[in-house]
Amino acid sequence: MYLLTSIRALFVLLAFFVGLGIQNAFPQEVPQEMWFPLLMAALAACLVAVEVVFQKKYLAGLVAIFFGLILGLVATFISTLLLTFIMPPAYYSEFIRPLVPVISLFLCYLAVTIVFQSRDRLRFVVPYMAFS
């Protein structure tokens, strides 16, 4: 329990330092006040709070959504890669490239719904976790 609390605190602290690094790396784009690192730490704290609230209740559903999004993004990458080989370059850049977000949206939706609906019938084996 203490280890998990330490990991959460370290995550919030690292988010602060990442925000500080981004602020120092891009001084023209990011104002030099301390609000950006604090914003990063606040976002990390919100993420930790959401994780604590949904810790045990919706783990299978969240994992199914996560795997569905990964499968949808992989399917989007593969489909757009295949379309670049099939379509002429001028046609692809003019008509297909603007549709890539739409293709991504549809494929991610299909993958999430399929994985989410079949999460009780499929068995995912991930290191240190088994979902049945």
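Predicted model: local features only at pLDDT ≥ 70, side-chain atom pairs only at ≥ 80, totals over all residues.
The protein chain comprises five helices and two strands. Of the 132 residues in the protein chain, 20% are buried. Among contacts in the protein chain with a separation of 6 or more, 56% are made by residues 24 or more positions apart.

The packing of the helices α1 and α2 was examined in detail. Two packed helices are described by the angle between their axes and the distance between the axes. Helix α1 spans residues 2-25 and helix α2 spans residues 35-53; the angle between the two is about 150°, and their axes lie 7 Å apart. Because angles over 145 degrees count as roughly antiparallel, α1 and α2 are assigned to that class. The crossing of the two helices is right-handed.

On the side of α1, the contact is formed by R8, F11, V12, A15, F16, V18, G19, L20, I22 and Q23. The residues of α2 that meet them are F36, P37, L38, M40, A41, A44, A45, L47, V48, E51 and V52. By residue class, this contact contains 17 nonpolar, two polar and two charged residues.

R8 and E51 both take part in the contact between α1 and α2. R8 lies in helix α1 and has a relative accessible area of 15%; since this value is under the 20% cut-off, R8 is classed as buried. E51 belongs to helix α2 and is partly exposed, with a relative accessible area of 34%. Along the chain, R8 and E51 are 43 residues apart, while their C-alpha atoms are separated by 9.8 Å. A further C-alpha separation was computed for R8 and V52, which are 44 residues apart along the chain; the value is 9.9 Å. V52, like E51, is among the residues of α2 in the contact with α1.

Aromatic pairing was searched for over the whole structure, and two aromatic pairs were found. F16 and F17 form an aromatic pair with edge-to-face geometry, in which the centres are 5.5 Å apart and the planes are at 75°. F16 is also one of the α1 residues that meet α2. F17 is partly exposed, with a relative accessible area of 46%.

When residues up to four places away in sequence are not counted, T80 touches Y92 and V100. With neighbours within four places in sequence left aside, T76 is in contact with V100, I103, S104 and L107.

Methods. Residues numbered from 1 in each chain as written. Heavy atoms only, no water. Axes fitted to C-alpha atoms, helices over the stretch in contact; angles between N-to-C directions. Helix = DSSP H or I, 4+ residues; strand = E, 2+ residues; numbered from the N terminus. Parallel < 35°, antiparallel > 145°, perpendicular 65-115°, else oblique. Left-handed = near helix turned anticlockwise from the far one by under 90°. Contact = heavy atoms within 4.5 Å. Nonpolar A, V, L, I, M, F, W, Y, C, P; charged D, E, K, R; others polar. Buried < 20%, exposed > 50% of the residue type's maximum accessible area, 1.4 Å probe, protein only. Phe/Tyr/Trp six-rings, centres within 6.5 Å; stacked < 30°, edge-to-face > 60°.
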